[in-house]
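The sequence and the structure are shown first.

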Amino acid sequence: MRWAAVGLAATLMAGAAQAQISRDSSAPIDITADESEVINSQCVTIWRGEAEALQENTRLRAAVIKVYATPRPGTGENGQARCGDTNRLEAEGPVYYVTPNQTVRGDRAVYTAAEDTVVVSGDVIVVQGKNVARGSRLTLNNKTGEAKMESSVTGRNKAGRVRGVFYPDSKPAAGGAR
């Protein structure tokens, strides 16, 4: 699982300071919630109620976090389904992804391991220092470092279009927003 993928939102902050987040996907993940449910037949674990996942200096908060694993052929002990590595993570919101240098907020986020992409949708806001980018869908490719912010609204002077406000000399806040 690579939480660092969302951190690439910094690429939307043209000219702004680069993200300084860990990309160590082998670091332990600490997840807390009001309850957790494991559904072996679907290879999914659901964390509900103010769910929060921490990995190194990154934090993901959402109402619900679902962690999906790849089903394996055959059955395990007691005839249960066999599940492999994590292949997808879904967070339902509001969703907050916070690093020492930036905060990404949206209504929903989906990380897909095979494509190494994160899609944040809804009312998406990326904040780094004083710089702010807004849209309705943010797609981040962790392999290429490319990011794309989209909106369903088009046309000059229409509310809801993709928007960014950048301060040329803006630097990330020390210690980051939490």
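This is a predicted model: local features need pLDDT of at least 70, side-chain atom pairs count only at pLDDT 80 or more; totals for chains, interfaces and linings use all residues.

Residues are numbered from 1 along each chain as its sequence is written, and side-chain values use heavy atoms, with hydrogens and water left out.

Confidence is given as pLDDT, the predictor's confidence in each residue, from 0 to 100. The protein chain has a mean pLDDT of 81, and 81% of its residues reach 70 or more. Over residues 1–22, pLDDT stays under 50. For this segment the model has 83 contacts beyond four places in sequence, a contact being heavy atoms within 4.5 Å.

Val-119 is located in strand S7 (residues 117–128). Strands (E, at least two residues) are DSSP runs, numbered from the N terminus. Val-119 counts as buried because its relative accessibility is 18%; buried means under 20% relative accessible area, exposed over 50%, and partly exposed in between (1.4 Å probe, protein chains only). Leaving aside residues up to four places away in sequence, Val-119 touches Arg-108, Ala-109, Val-110, Arg-137, Leu-138 and Thr-139. Of these, Leu-138 is 19 residues from Val-119 along the chain, with 5.6 Å between the two C-alpha atoms.

Side chains of opposite charge can pair when their charged atoms come close. A salt bridge here is a side-chain nitrogen of Lys or Arg within 4 Å of a carboxyl oxygen of Asp or Glu. The whole structure holds 11 salt bridges, including those in the table.

| Salt bridge | N to O distance |
|---|---|
| Glu-52 and Arg-61 | 4.0 Å |
| Glu-90 and Arg-108 | 3.5 Å |
| Asp-123 and Arg-134 | 3.2 Å |

Glu-90 forms a salt bridge with Arg-108. Glu-90 lies in strand S5 (residues 81–98) and Arg-108 in strand S6 (residues 103–112), so the pair ties together parts that are 18 residues apart in sequence. Glu-90 is buried, with a relative accessible area of 10%, and Arg-108 is partly exposed at 33%.

Asp-123 forms a salt bridge with Arg-134. This pair links distant parts of the chain, with Asp-123 in strand S7 and Arg-134 in strand S8 (residues 131–141), 11 residues apart. Asp-123 is partly exposed at 34% relative accessibility, and Arg-134 is partly exposed at 36%.

Notes: Helices (H or I, at least four residues) and strands (E, at least two) are DSSP runs, numbered from the N terminus.
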